[in-house]
Number of protein chains: 2
Amino acid sequence: MELYHLKTFVTVAEEGHLTRAAERLFTSQPAISAHIKALEEELGVTLFERTPKGMQLSPAGAQLLAQAQRTLAAAGDFKLAARAMQDELMGSVRIGLNTDARFLRLVELQALLGARYPRLEVAFLGGSTGVNVPNLRVGKLDAAFISGEGDDPLLSSQVLCEEELVIAAPAGLRDQLTACDVPALAALPWVYTSPDCAHYGVMRTVFEAHCCAPEKVVLANQEDALRGMVEAGVGLGIVRRDDMREAVAAGRVFIVPRQLPTVSLRFAWLTKRANDPVLRAVIEAVSTVWQLAPEAAREAG
Amino acid sequence: MELYHLKTFVTVAEEGHLTRAAERLFTSQPAISAHIKALEEELGVTLFERTPKGMQLSPAGAQLLAQAQRTLAAAGDFKLAARAMQDELMGSVRIGLNTDARFLRLVELQALLGARYPRLEVAFLGGSTGVNVPNLRVGKLDAAFISGEGDDPLLSSQVLCEEELVIAAPAGLRDQLTACDVPALAALPWVYTSPDCAHYGVMRTVFEAHCCAPEKVVLANQEDALRGMVEAGVGLGIVRRDDMREAVAAGRVFIVPRQLPTVSLRFAWLTKRANDPVLRAVIEAVSTVWQLAPEAAREAG
DNA sequence: GCATGGCATCGGAAATCGTGATGGCGCCGA
DNA sequence: TCGGCGCCATCACGATTTCCGATGCCATGC
């Protein structure tokens, strides 16, 4: 028993004639005659009384008609639902964060994704560059914001902006900071990040160029934790300039006048998953939010 | 899109492998691969993600799975319902009556039909032999009780019993009925029936044999009406003997001691509909109630 | 009595479906 | 690192099903 049997059954019941039903179904009368016959034989029930005027539903056929229509309706719903979602992007995407939401423009990204793809489930998972990269590799994340060069061979990424880094110092240390040369800075207490963070690389670069190492006091893996400690007077730290504006204006912190190399904020994903339409949509949305041309996406070095 | 596509879809979703699904469906792996492919192409939706471990439902496929199962369930219900009623007698039958229910053993007949065929709708429609026969011919009745010879060429019938008829007279006429010869009877007032009633034929036969005609007073088409009029003293009438026992015992009526020919009570139907299973079942039930051998059914003369 | 309209049946053509073999692709263990 | 393995996609061919046109039968209506 197949759907076309049921379709024929219902049509014949509605039309009352094999001939008319055949016209409505764009086929021949013998064909639907065979459909009805096959259905009746399979079910062991005579569905119609054959009269000289046409096909009249038997009592059993009348009872079964409703269920046949229900079945066809269910099939129609199925098809309709499928058609409705044929172009719609579905699924879920897990995006790793490496810094605060405002800087990453998450609200705008979420708004854009929500408007374009209402059935897409987006999860923003807090973290850091250091944890995001391995999570990408093992599939715990689908995409992530990272800072640095993006030189992982398995990852692709696009640059969103250059982060301007500065050395921030607590106001309480201003007296000890008469000279701003590197060795003097190294002698002061530092709040440092984990080695897998791009800021750590910047710090290391600066000090290694002068063959000295900073005085490490405490490790803060999370950016806001590091910033809080700097503001609280624990020590110096490397932060994004715009992240410190408020504290600088309030006088709790000052910026050491020394130029640092910038690091790239990137949006990264597993190269081999680049063809996933969900991923492509997210990348496209990120590009839009950061006002990049779509071709700005580039393979990782 | 056919049911087997949906069946394959659901099975693959449940098994997670084309190969296993193929085993469960007793077919080959390329076959169901083609099913899935055809379904996906028709719907424009990828239902599965192909992984090295097998087939994993895509988000769209997961959403559609439930509706596919609903459709299959509806189809299964349809089949089940059909199978359940494949041997069960259904439909409706209209049976014409020509006399009182007790004499026709309607309670027993109804009980038997109800027990054997719970889905059969039975309608007993009051009437008389005279109206039942044309109603049978035009299809207003499916079967009927009639009295007489059943010589209609379109009808078949079986004899249920012989009705013993008597001439009943009101007690008030006893004085005038000293002689019981036919001419004397003809001179008395008669309650007569319509010409299409078998009793009328009996009356006519009796009087025509003696070349005289009864004094007609009033026509009573319905048996109980005739009986009531006889009891009320309106005139003589021809009735079934056992129908008058009560009135005779009560002294309201007496029986004229004259032998009358009997008429046959028959159960009749349209010959060309004799193969209708519903009709056959009803005929069989009537035979049972009247304790006839099934082969007692005979063609009309 | 003939024309009409309805369904059932039949034989051949056409499309469909199923099968077995084959190939590509990841994964895993040696 | 390299076969072996499991899995799915594809192909060509054979078998089955399906469809069509023609025909026949039957009941009805004019």
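# Briefing: salt bridges, domains and a chain interface

A:R204 and A:E208 are joined by a salt bridge whose closest N and O atoms are 3.6 Å apart, a salt bridge being a side-chain nitrogen of Lys or Arg within 4 Å of a carboxyl oxygen of Asp or Glu. The two residues both belong to helix 8 (residues 198–209) of chain A, where they are four residues apart, about one turn of the helix; helices (H or I, at least four residues) and strands (E, at least two) are DSSP runs, numbered from the N terminus. A search of the whole structure finds 28 salt bridges over all chains.

This is a predicted model, in which local features need pLDDT of at least 70 and side-chain atom pairs count only at pLDDT 80 or more, while totals for chains, interfaces and linings use all residues. Residues are numbered from 1 along each chain as its sequence is written, chains are lettered from A and ligands numbered from 1 in the order in which they are written, and side-chain values use heavy atoms, with hydrogens and water left out.

**Confidence**

- The average pLDDT of chain A is 87, and 97% of its residues score at least 70, where pLDDT is the predictor's confidence in each residue, from 0 to 100.

**Domains of chain A**

- Chain A is divided into domain 1 (3–84), domain 2 (91–162 + 264–296) and domain 3 (165–261), with bounds that come from an automatic or database domain assignment.
- The C-alpha centres of domain 2 and domain 3 of chain A lie 28 Å apart, and ten residues of domain 2 are in contact with eight residues of domain 3.
- Between domain 2 and domain 3 of chain A about 620 Å² is buried, with carbon and sulfur atoms giving 47% of that area; buried area is the accessible area (1.4 Å probe) that two parts lose on being put together, summed over both.
- A:T99, A:F103 and A:G130 supply 46% of the area that domain 2 of chain A buries against domain 3 of chain A, more than any other three residues.
- One salt bridge is found across the interface of domain 2 and domain 3 of chain A.

**Chain A with chain B**

- The contact takes 31 residues from chain A and 31 residues from chain B, and the two chains bury about 2,800 Å² between them, 69% of it on carbon and sulfur atoms.
- Two salt bridges are counted between chain A and chain B, and A:E42 forms a salt bridge with B:K79 in which the closest N and O atoms are 3.1 Å apart.
- Helix 1, helix 3 (29–43) and helix 4 (59–84) of chain A each supply at least two residues of the side that touches chain B, and helix 4 gives the most, with 15 residues.

Technical notes:
Contact = heavy atoms within 4.5 Å.
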